[in-house]
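Here is a set of exercises to work through with a model open beside you. Try each task before reading its solution.

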Amino acid sequence: MTDSSKSNHATEEDFAFCREIAGRANANLLHAARLLPGTRQNFFFATYAAMRLIDDTVDDDFLCRPAEVRTQERNAMLADIDKWQGQCLGEMEEGPLPAQVYRALRTTAHCSDLGETPWTGLADAMRRDVREQPMPDWEDFLAYAAGATVAPATIFIYLLGAKPGATGFSWELPELPVHYAADLGIFCYLVHILRDLAKDAERSERLVTVPDSLIRQAGLQKTDLTAAIRSRNPGVGSLAADLRQRASSHLQAGRGVLQSLKPLIGPREQLALSGLIGIYESLFDRFSADYFAGMADAPALEQALRKKLLPSQSES
């Protein structure tokens, strides 16, 4: 809980706290952000820590509770999401974010023209998760992904192109950050889904963010996905092929946008962006060659790709 009695000015300890929270995920986006200049890193880790905290609370805590407990605690969880959004937008001090993260946001995001879209987008996706709303078709998936994955991608893109000033960062590029982030963010998210399908299905069917219609078209049921994956059911291969085809269309669109963005950002920012997308493209290619083998190979391949494409990173 935020302690409003403390100063709102972030310290190095506050940013170190944010880095520790962000580092728990060991995400590719995190490794790419470590290539950015220091002030951009502080901004990234403040915002990413805030997003990780609410996402982990929903996915790793709330959605893994027994059904009767979720029913009893749903309204309280939704209220926490509302407070989280208020903190992230600078509308309230007290809420579920620790004081260190709130102060870091006050010093970075709240002094920029990032805007409210990433925060409201992720909050809407988290509310959908907590309400356990069904995802019947592809349009529902895209609406969910606009918050769940495009939101953090938009902040990353913002930090690649925003200009530092006396009072904070400002955006001056021809298009809004979400224009550059949307397709690449969805492509990376689909690669995440392909990578983590077995793990997510085993933990809880509520963590499988694949539209019901796609699962049915593959001759599968969400409740039986774990057994289908373990038995290498051909339907799982069909589902993966469908997801890869959809991912490919977003990759192609994203590559065009990427070419227009690269000349507008600095060399370190270009390296971070190219390395990040390169990791996902390589994972995507591996899943295309043999999906089941690709899932097994993904952890080691990802580590190797980070060393190769994000060269300043050490293995973690």
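Predicted model: local features only at pLDDT ≥ 70, side-chain atom pairs only at ≥ 80, totals over all residues.

Residues are numbered from 1 along each chain as its sequence is written, and side-chain values use heavy atoms, with hydrogens and water left out.

**Exercise 1. Classify the ring pair of Phe 43 and Tyr 158.**

Start with the rule: rings of Phe, Tyr and Trp (its six-membered ring) pair if their centres lie within 6.5 Å, and planes under 30 degrees apart count as stacked, over 60 as edge-to-face and the rest as tilted. This rule gives 13 aromatic pairs. For Phe 43 and Tyr 158, the centres are 5.7 Å apart and the planes stand at 40 degrees, so the pair is tilted.

Phe 43 belongs to helix H3 (residues 38–61) and Tyr 158 to helix H8 (residues 150–161), 115 residues apart, and the pair links distant parts of the chain. Helices here are DSSP runs (H or I, at least four residues), numbered from the N terminus. Both Phe 43 and Tyr 158 are buried, where buried means under 20% relative accessible area, exposed over 50% and partly exposed in between (1.4 Å probe, protein chains only).

Finally, look around the pair: Phe 43 and Tyr 158 form one aromatic cluster with Phe 169, Trp 171 and Tyr 180.

**Exercise 2. Describe how H3 and H8 are oriented to each other.**

First take the axes, which are lines fitted to C-alpha atoms over the stretch in contact, with angles from 0 to 180 degrees between N-to-C directions. Those of H3 and H8 come within 10 Å and cross at roughly 170 degrees. Angles under 35 degrees count as roughly parallel, over 145 as roughly antiparallel, 65 to 115 as roughly perpendicular and the rest as oblique. H3 and H8 are therefore roughly antiparallel.

Then find the contact residues (heavy atoms within 4.5 Å). H3 brings Arg 40, Phe 43, Phe 44, Thr 47 and Met 51, and among those from H8 are Ile 155, Tyr 158 and Leu 159.

Last, sort by class: the contact of H3 with H8 has 10 nonpolar, 1 polar and 1 charged residues. In this scheme Ala, Val, Leu, Ile, Met, Phe, Trp, Tyr, Cys and Pro count as nonpolar, Asp, Glu, Lys and Arg as charged, and the others, Gly among them, as polar.

**Exercise 3. Which residues does Glu 302 touch, not counting residues up to four places away in sequence?**

Begin in helix H14 (residues 291–309), where Glu 302 lies. With 7% relative accessibility, Glu 302 counts as buried. Its contacts are Asn 28, Arg 195, Ile 279 and Leu 283.

Note on methods: Helix = DSSP H or I, 4+ residues; strand = E, 2+ residues; numbered from the N terminus.
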